[in-house]
Amino acid sequence: MEKRKIWVILNPTAGKGKARKRLRKIERYLESKNCNFQIHTTKETGHAIDIVRNLPIGDNDITIAAGGDGTVNEVVNGLLTRRPRSAVPPLFGIIPVGRGNDFSSTPGIPENTDQALSYLLEGKVRPLDVGLVKGGFFPDGRYFVNGIGIGFDTKVGFEAAKMKIKSGISYTIGALITLIRYEPSPVIQMKYDDKEVTLAAVIISIVNGRRMGGSFYMGPNALLDDGLFDICYVRHQEKRSQLLDIFSHYKKGTQAECQGVYTGKAAKFEIKALEGGMAVHCDGETVCYDGKELEVSCVPSALRLIGP
């Protein structure tokens with residue numbers, strides 16, 4: 001460990017300010033283990049990307065995102081857009097101190113800060129696939145590690161973001177608002193894994209991790225290192241009650257049992273809105289509000305994840 005430096009990128013506003021309160025705890029823990037480390041705090045959205053791009057990170061160093069899913073996404077984008085590119089996949093870790101901590105739940109990284117740090121220092125490494133989405137605000141691409149949401153769940157996220165209540169309940173309230181409004185679903189054409197599907201889709205999830213929105217299992221069987229993404233999409237339901245029933249299954253990850261729900265796996269997806277437009281997010285980051293075309297691809301083993 002003496003030759004390895006630990007770079008901690010901490011978002012002090014994550015988890016309603018919980019991350020700021022954990023800063024000194026992280027310092028004390030790393031000091032007690034005689035680690036060579038630096039902690040950098042972010043000041044605004046997007047700042048973590050710039051910080052990581054400009055750090056002198058060595059191939060054997062660990063870069064840690066201390067925050068929620070947004071901080072994780074920014075650190076990943078910083079690592080994968082550094083120039084020159086690293087000769088080996090960057091070492092990446094997470095201290096989950098955000099509101100949802102959806103991605104970190106898949107590899108089982110604990111929300112207890114001391115436990116998360118102990119896993120990071122044990123140095124157990126696994127390959128981590130990363131996604132790249134092109135379209136909307138990111139024609140050149142945006143990396144993600146957890147997943148893409150198209151349609152209903154993205155609109156729910158937009159509603160939740162408007163609320164002063166920043167907790168899991170905001171997503172539930174946002175879902176109810178979006179359900180009451182229940183706008184017509186766009187007609188979507190998807191090409192993946194030698195398939196071509198056209199349907200009015202109320203929700204499409206393309207995921208690397210298993211959970212989104214705090215407690216909704218969009219990809220209950222997703223794997224982080226199989227070189228594939230799981231897809232789950234839902235045909236437009238005529239009645240709100242039908243959609244509400246399907247939505248309740250997402251809490252248990254059993255939505256594939258429902259009529260009008262389809263699943264699969266693939267490494268690349270081409271998606272077009274033939275009628276209407278797509279509301280899209282990746283790892284909670286808005287990709288577009290009314291998009292027409294997307295390309296989503298898997299970058300196998302782009303990172304090395306340290307954790308359980």
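Residues count from 1 along each chain as its sequence is written. Because the model is predicted, local features need pLDDT of at least 70 and side-chain atom pairs pLDDT 80 or more, while totals for chains, interfaces and linings use all residues; side-chain values use heavy atoms, without hydrogens or water.

**Exercise 1. Find where helix α1 bends, and list which of its residues are buried.**

Step 1: Get the helix. Helices are DSSP runs (H or I, at least four residues) and strands are too (E, at least two), numbered from the N terminus. α1 covers residues 14-32.

Step 2: Look for the bend, the angle between axes fitted to the seven residues ending at a residue and the seven starting there. α1 has a kink of about 35 degrees, centred on Leu23.

Step 3: Pick out the buried residues (under 20% relative accessible area with a 1.4 Å probe, protein chains only; exposed is over 50%, partly exposed in between). They're Ala14, Gly15, Gly17, Ala19, Ile26, Tyr29 and Leu30.

Step 4: See what covers them, using contacts (heavy atoms within 4.5 Å). The cover includes β1 (5-10), β2 (36-41), β3 (62-67), β4 (91-96) and α5 (113-122).

**Exercise 2. Work out how many aromatic pairs there are, and sort out the geometry of Phe152 with Phe247.**

Step 1: Apply the rule: rings of Phe, Tyr and Trp (its six-membered ring) pair if their centres lie within 6.5 Å; planes under 30 degrees apart are stacked, over 60 edge-to-face, the rest tilted. That gives eight aromatic pairs.

Step 2: Check Phe152 and Phe247: with centres 5.4 Å apart and 70 degrees between the planes, the pair is edge-to-face.

Step 3: Phe152 is in α6 (residues 152-161) and Phe247 in α8 (residues 240-250), 95 residues apart. Both are buried.

Step 4: Compare Tyr192 and Phe269: their ring centres are 5.3 Å apart and their planes at 35 degrees, so this pair is tilted.

Step 5: Widen the view. Phe152, Phe216, Phe247 and Tyr250 form one aromatic cluster.

**Exercise 3. Describe the largest pocket and say which element gives the largest share of its lining.**

Step 1: Define it. On a 1 Å grid over the protein atoms alone, a pocket is an open set of points with protein on both sides within 12 Å along at least five of seven lines, and lining residues have an atom within 4 Å of a point.

Step 2: Take its volume, the space filled by probe spheres set on the points: about 1,300 Å³.

Step 3: Check the lining. There are 43 lining residues, with Asp69, Gly70, Arg99, Asp283 and Gly284 nearest the centre.

Step 4: Name the element. α6 gives the largest share, six residues.

Notes. 1 Å grid on protein atoms, 1.4 Å probe; cavity = no way out; pocket = protein on both sides within 12 Å on 5 of 7 lines; lining within 4 Å.
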